[in-house]
Amino acid sequence: MTDSTATSPVEYVSVATQHTYKDSVFPQIVVNNGRCKTVADTMAFVRENQSELEARLAKSGALLFRGFPIESAETFDTFSAGFGYPNFTYQESLSNAVRINFTERVFTANEAPKDVEIFLHHEMAQTPISPSKLFFFCQSAAEEGGATPLCRSDKLFEALKAEDPDLARDFKEKGLKYTTTMPAANDANSGQGRSWKSTLSVATVEAAEAKLKELGYHWEWLEDGSLKAITPVLPAVIDLDDGSEVFYNQLIAAYMGWKGVRQNPSSAITFGDGSPIPKEGLERVSVLAEDFTFDLDWQDGDVAIVDNYRAMHGRRPYSGERKRVVLVALVASER
Ligand SMILES: [Fe+2]
């Protein structure tokens, strides 16, 4: 099924696995009908249709571009820069993933090994500084697996409210605190193995402490030289301009994916007042999220824009000889 006009260089396509809500589909899929032959054609299309694309993205939470001539980190840089959004660099972020930069704007999504699942999260919602949008580019899809699951967190919170209003209210009113341990040196074998020096963009213990203080963290140095840091109270739920409430946090990724957290959740996540989050609640939210998740099965050359305030993302494990290369560019918040 398509919806387009005779003169448009693209078609808005529906696929069977797409989610359909009252006023939107998730994700929106934009397919090049062959008229965007070059990067210049593509950028002209973006310029002419940016407000329509943004309106669709705002409603849906994710926009997939398929069949466009985007083939390299450089052309992806051009594409993502073409929207004119402020850049959010990996260096200035407090991301806990190890990544490699290709251009100033473009870096690898996550260097964690292929059998490691990265569970659903809002990018950097466990830190006080998070990006507003994410551009993903699939340069080379995995042979098997490797989808990027995308989850509508507004729909998730709506469902949680209906099912367990007390827990939903606790999340909204109390917020969350995260405890993370940043290693002394980068560990690429972990989904959150970025060293404290790199995470905080500092060279010394004194500079690290000054930065943490400025951001409102509590911290403790461990014997092996790693740094245990506790965030200030961060939201578990945010309100968007259209009135929707979004389950905006890293709870599922922390609970399901961080080492030892399923056994002892309070070691990494508590309510903002320090009280424990019931384990049944953490389990339930993690399962419930699957109902609102669309698996984006990448094709080479796909580009997706994800609204980080409405949709979570993750990474399914993958296998095969072919190297999966998914690159990312982040947009700074204007909120
Ligand atoms: Fe992420």
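Residues are counted from 1 along each chain as its sequence is written. Because the model is predicted, local features need pLDDT of at least 70 and side-chain atom pairs count only at pLDDT 80 or more, while totals for chains, interfaces and linings use all residues.

**View 1. Two domains meet.** The domain assignment, which is automatic or from a database, gives domain 1 (2-113 + 127-144 + 295-331) and domain 2 (154-289). Their centres, taken over C-alpha atoms, are 26 Å apart. Domain 1 brings 15 residues to the contact and domain 2 brings 20 residues; contact here requires C-beta atoms, placed from the backbone, within 7 Å. On the domain 1 side, seven are nonpolar, five polar and three charged. Here Ala, Val, Leu, Ile, Met, Phe, Trp, Tyr, Cys and Pro count as nonpolar, Asp, Glu, Lys and Arg as charged, and the others, Gly among them, as polar.

**View 2. Helix H3 against helix H4.** Look for H3 at residues 153-163 and H4 at residues 165-174; helices are DSSP runs (H or I, at least four residues) and strands likewise (E, at least two), numbered from the N terminus. Phe157, Leu160 and Lys161 of H3 touch Pro165, Leu167 and Ala168 of H4. By class, this contact has five nonpolar, no polar and one charged residues.

**View 3. An open sheet of four strands.** The strands run in the order E14-E15-E13-E18, with antiparallel pairing; a pair needs at least two DSSP bridges. At the edges, E14 (218-221) and E18 (269-271) each pair on one side only. E14 joins E15 (residues 227-230) through four bridges, and Trp219 has Ala229 in E15 as its bridge partner.

Definitions and conventions:
Contact = placed C-beta atoms within 7 Å. Axes fitted to C-alpha atoms, helices over the stretch in contact; angles between N-to-C directions.
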